[in-house]
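Open the model in your viewer and keep the selection panel at hand. The stops below follow one another in order.

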Amino acid sequence: MSAHIRIPRMFSRASAVSALTVAAVGGTVATPGCPPEAEAATAAAKALRIAASKKGAPYKYGAQGPGRFDCSGLTLYAYKRAGKRLPRTAAAQYNRTRHIKAGSRKGGDLVFFHSGSGVYHVGLYAGGGRIWHAPKTGTVVRLERIWTKKVWYGHVR
């Protein structure tokens, strides 16, 4: 049995095969006319992988990587490597994101911990109620369950 793939006229057979090859190995392909949301989703997934790759890196206040991080330094570093710019602090990052409800969160979205109206911590949502983050002095970058309901979510544009 052979499979037939219909190739739109705007693509050559070579580019269609290349796109299929990339998709088969888990990569992504930029599609002409692709909405910015899809591009952002790709950046979010990449940022999440980058943050996870820093597992075990020591916390250091004010550090932005590549070997040490504070909470907002980790998110800034991960998104910068994924091609997106974020401001330096957790509060400024919150102000720069598109705020979303918990039910809309996806991997790579930012999770902001707050007390009243002040944001004091940030991590990257990893799914299953967990985040990658750099918690505090004496700890390392790690995957951890979200421990409070006092969180807001933001999608990096």
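**Stop one: Ser72**

Select Ser72, which counts as buried because its relative accessibility is 5%; buried means under 20% relative accessible area, exposed over 50% and partly exposed in between, with a 1.4 Å probe and protein chains only. The model is predicted, so local features need pLDDT of at least 70 and side-chain atom pairs count only at pLDDT 80 or more, while totals for chains, interfaces and linings use all residues. Residues are numbered from 1 along each chain as its sequence is written, and side-chain values use heavy atoms, with hydrogens and water left out.

Ser72 lies in helix α3 (residues 71–81); helices (H or I, at least four residues) and strands (E, at least two) are DSSP runs numbered from the N terminus. Show the backbone oxygen of Arg88, which the side chain of Ser72 reaches at 2.8 Å. Leaving aside residues up to four places away in sequence, Ser72 touches Arg88, Thr89, Ala90, Gln93 and Val122, where contact means heavy atoms within 4.5 Å.

**Stop two: the aromatic rings**

The structure has 5 aromatic pairs. Select Phe113 and Trp147: their ring centres are 4.4 Å apart and their planes at 15 degrees, so this pair is stacked. The pair joins distant parts of the chain, 34 residues apart, with Phe113 in strand β2 (residues 110–115) and Trp147 in the loop between β5 (142–145) and β6 (151–155). Rings of Phe, Tyr and Trp (its six-membered ring) pair if their centres lie within 6.5 Å; planes under 30 degrees apart count as stacked, over 60 as edge-to-face and the rest as tilted.

Colour by accessibility: Phe113 is buried at 0%, whereas Trp147 is partly exposed at 44%. Finish with Tyr94, Phe112 and Trp152, which ring pairs link into a cluster.

Conventions. Polar contact = N/O pair within 3.5 Å; in protein donor to acceptor, adjacent residues only side chain to side chain.
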